[in-house]
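Hi everyone, thanks for coming. Please take a look at the structure on the screen, and then I'll walk you through it.

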Amino acid sequence: MDNNRSALSATSAFAIATAGANEGTPTKEKFRRMSLASAGFPTDQRICDKEFVIRRAATNRVLNVLRHWVSKHSQAEEETFENLSALEIAEELTLLDHLIFGCIPYEEFFGQGWMKPEKNERAPYIMKTTKHFNDISNLIASEILKSDDVNVRTAAIEKWVAVADICKCLHNYNAVLVITSALNRSAIFRLKKTWLKVSKQTKALIDKLQKLVSSEGRFKNLREALKK
């Protein structure tokens, strides 16, 4: 799944499948087979409904192509940080955050239970969000530090910044905060040779994202962004 892969994407597969959807009326034999296959649909749709048969043929073609694409790519190489695009990572992070935050019952927000000694009992789901935040932060740091090559580390930092920028567009400000916080960890911040190779555009974007999620003014910038 690297950037040079030539395999069809799901969108491409769909486009190819639908390209010939209106190529004309099916042959008599195909018409007969599709009519038999349409059992279960209302009678008024089946009897002498040539348009219905054509639409069904096009739909079957699309489904067959997509099934083939899914079958082929489900056996692809293991997905890693290097193989996934910044967009794919941002979408997965956003989905994870949605699932985790969506599970929090409203009762846990009462009485600031997450700040009490018995926080794991009073606000277990809120505490899971904290663990998730730390797990993702550790993952980001690990992905950057796992290579000793300065160029690889530079590419990893720039990719994570791109992920954060996409997450901002997806209104996933929690992921933006996680990524910018990870980049400020001492183990990452002290990579002087690596940061020298990070582009000016990426550094400017980091500053912009950090200002967005800054706690200054009780998260003023973030609150303003949420209103838009």
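Let me begin with a definition: helices (H or I, at least four residues) and strands (E, at least two) are DSSP runs, numbered from the N terminus. Please keep in mind that this is a predicted model, where local features need pLDDT of at least 70, side-chain atom pairs count only at pLDDT 80 or more, and totals for chains, interfaces and linings use all residues. Residues are numbered from 1 along each chain as its sequence is written, and side-chain values use heavy atoms, with hydrogens and water left out.

So what is the chain built from? It has 13 helices and zero strands.

How much of the chain is buried? Of its 228 residues, 29% are buried, where buried means under 20% relative accessible area, exposed means over 50%, and partly exposed lies in between (1.4 Å probe, protein chains only). A contact means heavy atoms within 4.5 Å. Among contacts between residues at least 6 apart in sequence, 65% join residues at least 24 apart.

Now, the aromatic rings. Rings of Phe, Tyr and Trp (its six-membered ring) pair if their centres lie within 6.5 Å; planes under 30 degrees apart count as stacked, over 60 as edge-to-face, and the rest as tilted. How many aromatic pairs does the structure hold? There are two. In one of them, the ring centres of Phe81 and Trp160 are 5.0 Å apart and the planes are at 15°, so this pair is stacked. The pair links distant parts of the chain: Phe81 is in the loop between α4 (50–73) and α5, while Trp160 is in helix α8 (residues 150–169), 79 residues apart. Phe81 counts as buried at 11% relative accessibility, and Trp160 is buried too, at 2%.

Tyr106 and Phe110 form an aromatic pair that is edge-to-face, with 6.0 Å from centre to centre and 75° between the planes. Are these two residues buried or exposed? Both Tyr106 and Phe110 are exposed, and for Phe110 the relative accessible area is 55%. You can find Phe110 in the loop between α5 (86–102) and α6 (119–122).

One last stop, back at Phe81. The charged end of Lys159 sits over the ring of Phe81, 4.6 Å from its centre. For that label, NZ of Lys or CZ of Arg must be within 6 Å of the ring centre and within 35 degrees of the ring normal.
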